[in-house]
Amino acid sequence: MITIKEIAQRCEVSTATVSYILSGKSGKASEKTRERVLRVARELDYVPNAAAQHLKSKRTRSIGVIVEDMTIFSIPEIVDGITDYCEQQDYQILLLNLRLFKKFNDSYYYKTDYFERVRGEIRKLMNKQVEAVIYVSAHERILRCIPEDLSIPAVMTYGYTKSSRVPSVVVDDVQGSYMITKRLLDSGHRRIGVITGKPDSLHTQARQMGFQKALYESFVPFHPEDIRNGDWERHSGYAQTDLLLSNGVTAIFCMNDLMAGGVYDRLEELGMQVGRDVSLAGYDDRMLSAYYQPGLTTVRLPLHDIGYEASRLILDMLENKRSWEEPYVLSVPCELVERASVCSYREQDGK
């Protein structure tokens, strides 16, 4: 690898002069000397020693990113958002994939025994001189895997820390659920069935809050019997459809698009059509939602924006030494995606 010293010897100048010129600070060097140094550097294919520069400046411009599992649908887009902002600010990321879902399915959501591994991976990243760490969860829940006494800034993404030292960036599920429920209400539906995710999920609880808030503001009665527990999987949407129809619902809101697929399946078996006989709404805007027949009206998670905001926040903490006295949570709003699965109650009723 060509060094500044070799360029200096070739040009018969001091290493200090070469260093100044290559860093854009020509100092007292003449224009002729500057041109000769730059020409020789090009001819020798000189590449600056990044490690030496970082040691000198004490800045590596690198962020460690720990993700729970890259195979979870939400994580790649969050990482893309992190990378997007870091690229704009000339920071690089060091990505570490824990592969927890591949190893344990979602059972690890309810455990803490992997927290020590996370702390070990953070130490490894710090040995590589990262300036900060972003942790990306696969499912929103309270996580205390980031040490409180960590000497570098950290941000939790798609999860909560309940810590004043480690802020959280999450999806605004209350707003997303409120928005899609309002869409159904504005279409004239007054009896809306809901198929939830797992009851202990923070996503389920927040989405149910948004649903009930929309009913309350529209003076529409809440019917507890129209709330049916699912488990995020397609079969649970299928299994709950008959009971909701027997309750007289005119629309069904599924808390994810996979369960909505089960509702499509069951309605087809019953000879009923989504968007004509029953309105149907989902959540997440998974790729498959556009290919249901008819396409599914749903809520798009702001995954890229969550990653982008996490990067923006961590760099703000680095540059401005920002801190909070109370746990700080940044909630990123969702977007309504309208397709043909929702129609007005009048159209649906044939009036």
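Predicted model: local features only at pLDDT ≥ 70, side-chain atom pairs only at ≥ 80, totals over all residues.
**Briefing: a negative surface patch and two further sites**

Glu-77, Asp-80, Glu-87 and Asp-305 together form a negative surface patch.

**The negative patch**

- Helix 5, which spans residues 75–88, is the element that gives the most to the negative patch, contributing three residues.
- Glu-87, one of the residues that form the patch, lies in helix 5 and is exposed, since its relative accessible area is 59%, where exposed means over 50%.

**Tyr-108**

- Tyr-108 is placed in the loop that runs between helix 6 (100–104) and helix 7 (115–127), and with a relative accessible area of 1% this residue is buried, because buried means under 20%.
- When residues up to four places away in sequence are not counted, Tyr-108 touches Glu-68, Leu-100, Phe-101, Tyr-114, Ala-138 and Arg-141.
- Tyr-108 and Val-220 are 112 residues apart along the chain, and their C-alpha atoms are separated by 39 Å.

**Gln-175**

- Gln-175 has its place in helix 8, which covers residues 173–186, and is partly exposed, with a relative accessible area of 22%.
- Once its neighbours within four places in sequence are left aside, Gln-175 is in contact with Pro-333 and Cys-334.
- Between Gln-175 and Arg-207 there are 8.1 Å in space, taken from C-alpha to C-alpha, although these residues are 32 residues apart in sequence.

Methods. Residues numbered from 1 in each chain as written. Heavy atoms only, no water. Patch = residues over 30% accessible without salt bridge, like charges linked within 9 Å, V, L, I, M, F, W, Y side chains within 5 Å. Areas by Shrake-Rupley, 256 points an atom, 1.4 Å probe, with all protein chains shown as cover. Salt bridge = Lys/Arg side-chain N within 4 Å of Asp/Glu carboxyl O. Lys, Arg positive; Asp, Glu negative; His and termini not counted. Charge placed at Lys NZ, Arg CZ, Asp CG, Glu CD. Helix = DSSP H or I, 4+ residues; strand = E, 2+ residues; numbered from the N terminus. Buried < 20%, exposed > 50% of the residue type's maximum accessible area, 1.4 Å probe, protein only. Contact = heavy atoms within 4.5 Å.
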